[in-house]
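Dear colleague,

I am handing over the structure that I mentioned, and I would be glad if you could look through it alongside the notes below.

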Amino acid sequence: MQIYGLGLLAFCMIVGSTIGVLLGKLAGVQGDVGGVGIAMFLFIFILQYMEKKKKPLSEEASKGISFLNAIYIPVVVAMSANQNVVSALSGGAVAILAGVISVVGGLLFIPLLTKLEKKISKGGDDQ
Amino acid sequence: MTILYDILVKNGLIGAFLFVAVVMFVSDRFAKLIKQERMSSAIAIVLGLVAAYIGGIYTGGKNGLSDVAIFSGIGLLGGSMLRDYTIISTAFGVKMENLKKAGIIGVISLFIGVFFAFIVGAVIAYIFGYRDAAEVTTIGAGAVTFIVGPVTATALGVSSDVAALSIAAGVVKSVACMIVTPLIAKKIKLDNPTAAMIYGGIMGTTSGTAGGLAATDPKLVPYGAMVATFYTGLGSLLCPSVCYFLVKLIL
């Protein structure tokens, strides 16, 4: 049944968020530290475990997850319609420069780090 | 007319689906018209931002279009609950091998990302005349993400207009990330899971990376999102402590 897919995902999200908040408390940070990331790991782990046990997720349940995949971009569009764009623009030059430069500058790091990653994995392969 | 108004207000979420469907349809048609079909998501996201601006001007509120009564459902459809739920679902096709390959570099990217963004924000604050260590740190924290900014502001006790400035910087970063990413993705080879994880670590804004990757290649979203979700936590830890300490030393 399609809802099983939604239910599995919901389970992962709730467990992940709980662990995230606990981690936050341990680290003295209010809120959720990586809860979504933890939920994703849990989800992937459960799916791979089920594959190993030759009991993969049913086609119906997968359709439920596909539904969420399909509304992901619509959700992102709705999310952008929620942003406080007025504040962003009124922050003036400081906000705009800080925001834009940190993005453009940051993006330039990516090819550098990709090269570094290739070196790291090549080093591992040589052993 | 008031009947329609009441129905829209009472059925907010449904109205939000209609709104987003229309926006995406318009974006899709426009993208096909200008022969840039792949940009349709990016265009939709920009239209969403424009709608947010209009909503913000019209209501004077903080939540973009969802402050307008007939569009309140957008607050739910675009809120963190559904955003997180759908982001997690994108992990459906993820392979563990891709994750393991990029594990270390993901962590390295996280630290580089947080420190780089902080330094950019702090330096710009300094250039614009801010000299108080707590204020410079807060603005730097805003360049990390729009959550780390106010968290740091509270931790260091700065005034609310500096806190608001840090949020503004963070929102600009998020918006810029969404818009710029699909435009230069090819040039920086953002086309594989490892690069997406590095990207998530460097940019870190969950909404920014979600939007940016969605508009570039939706298959990359889970890889970027997975690393990005740790960014705000790391930033919240480092900015009010290590970063503040370093700024005090220098100033």
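This is a predicted model: local features need pLDDT of at least 70, side-chain atom pairs count only at pLDDT 80 or more; totals for chains, interfaces and linings use all residues.

Residues are numbered from 1 along each chain as its sequence is written, chains are lettered from A and ligands numbered from 1 in the order in which they are written, and side-chain values use heavy atoms, with hydrogens and water left out.

Within chain A, helix 1 (residues 2-27) has the highest confidence, at 89, and helix 5 (residues 85-90) the lowest, at a mean of 76; helices here are DSSP runs of H or I with at least four residues, numbered from the N terminus.

Turning to the two chains, 86 residues of chain B are in contact (heavy atoms within 4.5 Å) with 65 residues of chain A. The buried area, meaning the accessible area (1.4 Å probe) that two parts lose on being put together, summed over both, is about 6,800 Å² between chain B and chain A, and carbon and sulfur atoms give 83% of it. Of the area that chain B buries against chain A, B:Tyr85, B:Ile88 and B:Phe92 supply 11%, more than any other three residues. Between these chains there are zero salt bridges, a salt bridge being a side-chain nitrogen of Lys or Arg within 4 Å of a carboxyl oxygen of Asp or Glu. Helix 6 (residues 96-127) of chain B gives the most to the side of chain B that touches chain A, with twelve residues. That side of chain B divides into 59 nonpolar, 21 polar and six charged residues, where Ala, Val, Leu, Ile, Met, Phe, Trp, Tyr, Cys and Pro count as nonpolar, Asp, Glu, Lys and Arg as charged, and the others, Gly among them, as polar.

Within chain B, the domain assignment gives domain 1 (2-78) and domain 2 (86-250), with bounds that come from an automatic or database assignment. Seven residues from domain 1 of chain B and nine residues from domain 2 of chain B make up their contact. The C-alpha centres of these two domains of chain B lie 26 Å apart. Domain 1 and domain 2 of chain B bury about 620 Å² between them, of which carbon and sulfur atoms give 74%, and the count of salt bridges between them is zero.

With best regards

Methods. Helices (H or I, at least four residues) and strands (E, at least two) are DSSP runs, numbered from the N terminus. pLDDT is the predictor's confidence in each residue, from 0 to 100.
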